[in-house]
Amino acid sequence: MQIIDLLVIIAYLVATAWLGLKLSGKQKDLQGYFLGGRNIPWWAVCLSVVATETSALTVIGIPVMSYLGDINYLQLGLGYILGRVVVAFFMLPRYYDGEMLTAYAYLGKRFGTSTQTTAGVTFLFTRLLADGIRVLAAAIPVKVILDGLGIHTNYFVIIVVLSLVTIAYTFIGGIKAVVWVDVAQMCLYVVGGLLAIIVITAALGGGWLSEAASADKLNMFIFEGNPISAPDSFIPSLLGGAVFAMASHGSDQLIVQRLLSCRSKIEAQKALIVSGVVVFVQFAIFLAVGLALWAYYDHALPADLGLSRDDEIFPLFIIEGLPPGVSGLLLAGILAAAMSTLSSSLSALSSSTVNDVYARLKKTPMTDAEGFKVGRWATIGWGIAFILPATVFQSDEGNIVILALGVAGITYGGLLGAFVFGMVNKRATAVDANITFALAVAVNAFFFVMEKYITGEVWVAWQWYPLLGVIVMVVIGGLLSLRHPKAQTRSTVAEVEGSNR
């Protein structure tokens, strides 16, 4: 890399902050700050949803999957589309049934304040851990590239710089700034992936795809292995992936906040379903990058290339294989993905902090101006808090994509289960929901910790975590709800719902 690459990166960071502030306008109230006045076009929300769930994990994590293996990750993309369809027609309409600023307002309407606050706090904790990993994913290539330039720094400094720029436009512009910057950022990192394929194809004279086919690296469907514990096989990828998408896009405030900023329910449904197709295409692009890199480096293992992490293979190519200026553009694409997710998380975390925690714990009603002020300060607080988990997880040597999805899956089961439980069980109370919710999270946490850090053996594929949480919620919660007489419970639920409207 040369000075021109650094200039491209710096120009991108400055342009990102300016674009977010310019396109957002000045937000003056709570709904404008968190929902963009519910006047954002569906296609922009669609691309923002894709950019939000992509992050630097996709840009540097997915290529290494096909580099070391094949393209079976596309099975998960099919599951994601299926799950989005279910959310669009069965869960999303409930969010548009009334003025709900967060995904967990439905739980407050169904069970009461305690359940909404419990779900909100769980979201805050889970998002902090998962996005700490995403920030680390952005720091990995940046550090590799800076080291190659002779600029030796640590992850802490890199994370702080990324955080400060993102906090700036999220703090001032709110969700509208986040969505429009997401659109620009997604275009940038997808173009970066396509440029990498073009450069490798030109360097090799083509033929990398046929070479990958000869090595059986174009296998998309895998029907072998235990369907419970084999994360690469078809059943957990399709069905488990569908349930995972239902949890992430139906009960995670990070995504629901965007869908609620659409102009109507129909536009939100369109944005959600189309985003699944876009994600599938995006997966295919970065898996193709991995196959091209495999041919470019003559099938060498990352360790043989002097890399300390498998995830560094694409950043290495950015340093060695791209012409000046293009290297900076691709690094800017990785920063785009990281900042997209970070800005999205900051907006969603501050929204949930205000509406699901602060407003519920406050003894007097929260005014709009007060919530707006608290939301902005919460944005700064959460932006600083990302530093800790990013530092803690930097020693993990596994695939960073699977690590992040596994962490998110721990509580996705409880969150999705709480929604399903509230819809199908009419006699359940807040106490039933809260107890079972804690149990569902504990069960998934047990499997994650045992498999990741103690035994090293996969007992339950990470795609099944959300479904496992739903099963615990519905079965155990259903047994607990049998304590209540039907007639009495119905009146109690009605009173709770009425008091929360």
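How far apart are the end C-alpha atoms of helix α17 (residues 430-454), and what span should its 25 residues have? The first legend takes this up, after a short note on the model. This is a predicted model, in which local features need pLDDT of at least 70, side-chain atom pairs count only at pLDDT 80 or more, and totals for chains, interfaces and linings use all residues. Residues are numbered from 1 along each chain as its sequence is written, and side-chain values use heavy atoms, with hydrogens and water left out.

**View 1. Helix α17 from end to end.** The end C-alpha atoms of α17 are 35 Å apart, which agrees with the 36 Å that its 25 residues should span at 1.5 Å a residue. The expected span is 1.5 Å times one less than the number of residues; helices are DSSP runs of H or I, at least four residues, numbered from the N terminus. Among the buried residues of α17 are A433, F437, A440, V441, N444, F447 and F448. Here buried means under 20% relative accessible area, exposed over 50%, and partly exposed in between (1.4 Å probe, protein chains only). An α-helix has 3.6 residues a turn, so residues three or four places apart point the same way. Just after α17, look for G456, with a positive phi of about 75°.

View 2. L468 belongs to helix α18 (residues 465-481) and counts as partly exposed because its relative accessibility is 22%. Leaving aside neighbours within four places in sequence, L468 is in contact (heavy atoms within 4.5 Å) with V443, N444 and F447. Its C-alpha atom is separated by 8.7 Å from that of G414, 54 residues apart along the chain.

**View 3. The surroundings of H249.** H249 sits in helix α9 (residues 234-250) and is buried, at a relative accessible area of 3%. A polar contact of 2.7 Å links its side chain to that of S248. Such a contact is a pair of N or O atoms within 3.5 Å; within protein, one must be able to donate a hydrogen and the other to accept it, and residues adjacent in sequence count only if both atoms are side-chain atoms. Not counting residues up to four places away in sequence, H249 touches several residues, including E53, R84, I255 and L272.

**View 4. S66 in helix α3.** S66 lies in α3 (residues 42-68) and is buried, with a relative accessible area of 0%. Beyond residues up to four places away in sequence, S66 touches I71, K217, F286, L287, G290 and L291.

Key. Helix = DSSP H or I, 4+ residues; strand = E, 2+ residues; numbered from the N terminus.
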